Amino acid sequence: MAAVPPIPLPAKTPFWNDPDVRAILFQIIALVAVVAFGMYLFHNTQVNLRQRGIASGFGFLSSLSGFGIIQSLIPYSETSTYGRVFWVGLLNTLLVSALGIIFATLIGFIIGIARLSKNWLVARLATVYIEIFRNIPLLLQLFFWYFAVLRAMPSPKQSLQLGHIAYLNIRGLYLPRPLFEPVFWLAPLALLAAIIGSVFLARWARRRQEATGQTFPTFFASLGLIVGLPLLIFFLAGSPLHWEYPELQGFNFRGGLIVIPELASIVAALSIYTAAFIAEIVRAGIQAVSHGQTEAAYSLGLRPGQTLRLVVIPQSLRVIIPPLTNQYLNLTKNSSLAAAIAYPDLVSVFSGTVLNQTGQAIEVIALTMAVYLTISLTISLLMNWYNRRMALVER
Amino acid sequence: MDVCRAVAAALFGDATKVKFTPLTAKERFTALQSGEIDVLSRNTTWTLNRDTAQGFNFTAVTYYDGQGFLVNKKLGVKSGKELDGATVCIQAGTTTELNLSDYFRANKMKYTPITYDKSDESAKALESGRCDVLTSDQSQLYAQRVKLSKPDDFVVLPDVISKEPLAPLVRHGDDEWFDLVKWSQFALVNAEDLGINSKNLDEMKKSTNPDVKRFLGVEGDKGKDLGLSNEWAYNIVKQVGNYGEIFERNIGQDSPLKIARGLNALWSKGGLQYAPPIR
């Protein structure tokens, strides 16, 4: 009987042909290459800076700025530091973004719903609005508002005025400035208390409805609470609030609160432009909820308002929120165009003037980019959190 | 611009061999630092910080300027001291911004700054009444006034609030290039000093004055010291002219600006323009 020849074992694959080893190997090579490239860039920059005797580091942030800024939300003067300039610019950017987001959302929702209106004229007007503002470059719109519209305003001496309270001229809109007395803090405290109270009221109303089916007019009750309570406290404390009115002195108005035309232009341009996109998102969101849902709600006996509020909108929000986040991010990043019309945002005062006065381009630009990245990521996080709350919970 | 042409004439023997890159006040330093341009010849003020921490070398002053104010005649302002509370238009990224705040602070006055990127935008803002005053170097103010739609409604105030020596600048680290730009400028001033201009150039070659002979390369090897041909200065004056010719052509009597020489006259005529000898 012949011996069974042993089955030859397959030759061991050499390690360079082993897919697992290869995968890891290539990843290591890629990582090393990226890190080496980064190190080379860093090293090269440092060598060149040293060779040309250009100062580097962030020490400049604590030196004196020596220039004026037209609008700042925090106290600022020529004797403040470059670091302070950074915060002034950042707050101005955030102000524009926040105002822009609020107005864009409001206009966007109104136009979006108007586009679905059964009224032919309203629907067509909304379409025209969207098509015009969506298709003209933002920078041109900005110039239009700033150079064409707001430049037609009268000079300070011929200001349009509303009694002796508000004045409007080419230098801006002058409003009375509120002056708070020490006891005024009671009013915002009351507002806070009213808001917390409304939240509990809403919870209680929902529990009651779930248990007994009885509804409670939560909205009006909360509104009354939020408006009424602070007002009540305010008058009980003896109206601790005075107004400082603007007055024409020499060249300009002095005192009061001023909205500069640069701010008005950039907010108008950003919100009107972005609102056109938001309107389309809202329309798409509402149309994405099938009509059967509405019919089903009607057949359950819900009224049209309730149908919209309880059935259609919660479902359309799921479609609306992700692209809405994108628009918010775009708006924030577009706010850097403010530099073109002399609005003192971060790009204008910090990566413009400060960069020029100090010559430290790398540090200044890096800091500015880091700020925009942080703002964008924060908006993204907030909106994602909201989206998760709104998302369909599968049970 | 003519400074760059002069450098090209010295270097290549051809004043057209220069590439111009238009930059705003904000972009200019980064462009020079990064090597996008080799020499920045613009209305840049020579300051300590720029000469040291920003890594530049200023060559020689081309124009002695000072900051002033351009206002609408309707305001009835006669002096800078009457500007308390005014709204002022400025160009971003300039020494002007700093001088302005120093001036108002020193005189205990208040102002509202509006900072534009481009000088045209600030001129438009002045015209529309967005600001009361436009501030910049005086030479610039004259240039902008001419461009306004109604130049006669505006007036440059007599106050000069700062020293603004305008000079071309180069990067640290290339001394030969620094020398070359510097001496091309000196050649322009020396030419005027010696009475050499683009018209009498060839006649002057026959001159017996040793200074003129050295300048035109008839005698000596001065071009070699710079690493150039001995005709370097001849080429400059031939193709670009001397300092006086450049001045009159661009901003003086032969131009719409009609700025007087003033501080920028030769030292021998009571001005500040003075160049070391070519020797």
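Helices (H or I, at least four residues) and strands (E, at least two) are taken here as DSSP runs, numbered from the N terminus. By this definition, chain B holds 12 helices and 10 strands. The structure is a predicted model, in which local features need pLDDT of at least 70 and side-chain atom pairs count only at pLDDT 80 or more, whereas totals for chains, interfaces and linings use all residues. Residues are numbered from 1 along each chain as its sequence is written, and chains are lettered from A and ligands numbered from 1 in the order in which they are written.

The pLDDT, which is the predictor's confidence in each residue on a scale from 0 to 100, averages 85 in chain A, where 97% of the residues score at least 70. Within chain A, confidence is lowest in strand β7 (residues 252-254), with a mean of 73, and highest in helix α3 (residues 120-134), at 94.

The C-alpha atoms of chain B fill a box of roughly 60 × 40 × 30 Å along the principal axes. Of its 279 residues, 49% count as buried, a residue being buried if 20 or more other C-beta atoms, placed from the backbone, lie within 10 Å of its own.

A nonpolar core is a set of buried Ala, Val, Leu, Ile, Met, Phe, Trp, Tyr and Cys residues joined through C-beta atoms within 7 Å. The largest such core has 92 residues, among which A:I266, B:C89 and B:V133 touch the most other members. Helix α7 (residues 261-288) of chain A supplies the largest share of this core, namely 16 residues. A second, separate core of 46 residues includes B:A9, B:A10, B:F58 and B:M204. In soluble globular proteins, nonpolar side chains tend to be buried together.

Two residues are in contact if their C-beta atoms, placed from the backbone, lie within 7 Å. On this basis, 29 residues of chain A are in contact with 31 residues of chain B. On the side of chain A that touches chain B, helix α10 (residues 346-358) of chain A gives the most, with four residues. The residues of that side divide into 12 nonpolar, 13 polar and four charged, where Ala, Val, Leu, Ile, Met, Phe, Trp, Tyr, Cys and Pro count as nonpolar, Asp, Glu, Lys and Arg as charged, and the others, Gly among them, as polar.

Terms used: A residue is buried if 20 or more other C-beta atoms lie within 10 Å of its own, exposed if 12 or fewer, and partly exposed in between; C-beta atoms are placed from the backbone.
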